[in-house]
Amino acid sequence: GPAVTTWSWHEGSFMSTAEARVPLTTQALQYGTGVFEGIRAYVLPGGRELAVFRLDDHYRRFLRSCRLLRIDLPYDADDLARATVELLRRNATAADTYIRPLGYKLSMLAGTRPGVGLAGVSDAVSVSTFLMGHYAPPGGLRCAVSSWRRPADGVLPVRAKVCGGYVNSALALDEARAAGLDDAILCNERGQVAEATTANVFAVSGNRLVTPAATADILEGITRDTVRELAGDIGLACEVRDVQRSELLVADEVFLTGTGLGIAPVVELAGRPIGDGTPGPVTRLLSERYTALVRGELDDDRGWLTRVPLN
Ligand code: PMP
């Protein structure tokens, strides 16, 4: 697996990753009542600086996830961003880095009534980092349409990155891998396309993009939002609406978007080639622009990069 870095930020201080522990009784460990983020830092040309992509947007989403689970932290988005920059500076590794903030329910406060509640349980936060680049296979992804469904908002809200919600992703990814595939696209309980296990989905038909709406039981990805902006920059229209699974099967191109994967072409879905079974031109164009953007090779006129000098 990816290498963890020397330092982590745990319960308000920097400490060695090996020493950053949680008690066995941690409520989030037992019930999945934590929330997390996935953020990336990229090495800039020259190798002496990292750029964190959309750091503030990730922490705003993190704090919304916290709010859903009544995780009340003594930090705002700026505090968390500052701690993250300091952590990257301390680890000082000139390699693409994956950043994992985790907010979690820790232990019942004195006088709290027993039960799987959220109020009356203490909260904690940590940030750890891994050395890991984009991990999509270079020739494109072979995906299943999962037999698992994305849960509805009234069952387990997936608009928040809740730890326990990722059991659904784990089951779907495990099923896909057991069948020799790379990932899976899940439909929601209404049978519409939702998202992949840890990425959003786009289809391309001609010069038009389409992606499921926020109401399709998806996490509203920051990469998804970035792709919509980049598409606008190069004059591609993007529809955001209900998407049927058959639309994916007949699309010219399908691609996934996520902080971990980046922009990754799907070349096979449910045993069929997408288009001619190779990465298509629109996916390639968007992917090249995305890579240039996160690596500081395009104008950062939206202020999406936080630069971290390494020494
Ligand atoms: N959906 C799910 C379920 C995810 O876990 C992720 C990864 N955070 C995404 C979509 C993509 O979101 P983002 O582009 O913000 O990484």
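Colleague: What distance separates the centres of domain 1 and domain 2, taken over C-alpha atoms?

Modeller: This is a predicted model. The protein is divided into domain 1, residues 3-131, and domain 2, residues 141-294. Taken over C-alpha atoms, the separation of their centres is 26 Å.

Colleague: Which element gives the largest share of the side of domain 1 that touches domain 2?

Modeller: In the contact between the domains, 22 residues of domain 1 meet 10 residues of domain 2. The elements giving two or more residues to the domain 1 side are α1 (27-31), β4 (34-36), β5 (39-43), β6 (49-53) and α2 (55-68). The largest share is five residues, and it comes from α2.

Colleague: Which residues is Val254 in contact with, leaving aside its neighbours within four places in sequence?

Modeller: With neighbours within four places in sequence left aside, its contacts are Val201, Ala203, Leu248, Val266, Leu269 and Ile274.

Colleague: Which element gives the largest share of the shell around the ligand?

Modeller: The ligand is surrounded by 14 residues, and the closest are Leu219, Gly221, Ile222, Thr223 and Thr259. Two or more residues of the shell come from each of α5 (222-233) and β15 (253-258). The largest share, three residues, is that of α5.

Note on methods:
Residues numbered from 1 in each chain as written. Predicted model: local features only at pLDDT ≥ 70, side-chain atom pairs only at ≥ 80, totals over all residues. Contact = placed C-beta atoms within 7 Å. Near = placed C-beta within 6 Å. Helix = DSSP H or I, 4+ residues; strand = E, 2+ residues; numbered from the N terminus. Domains from an automatic or database assignment.
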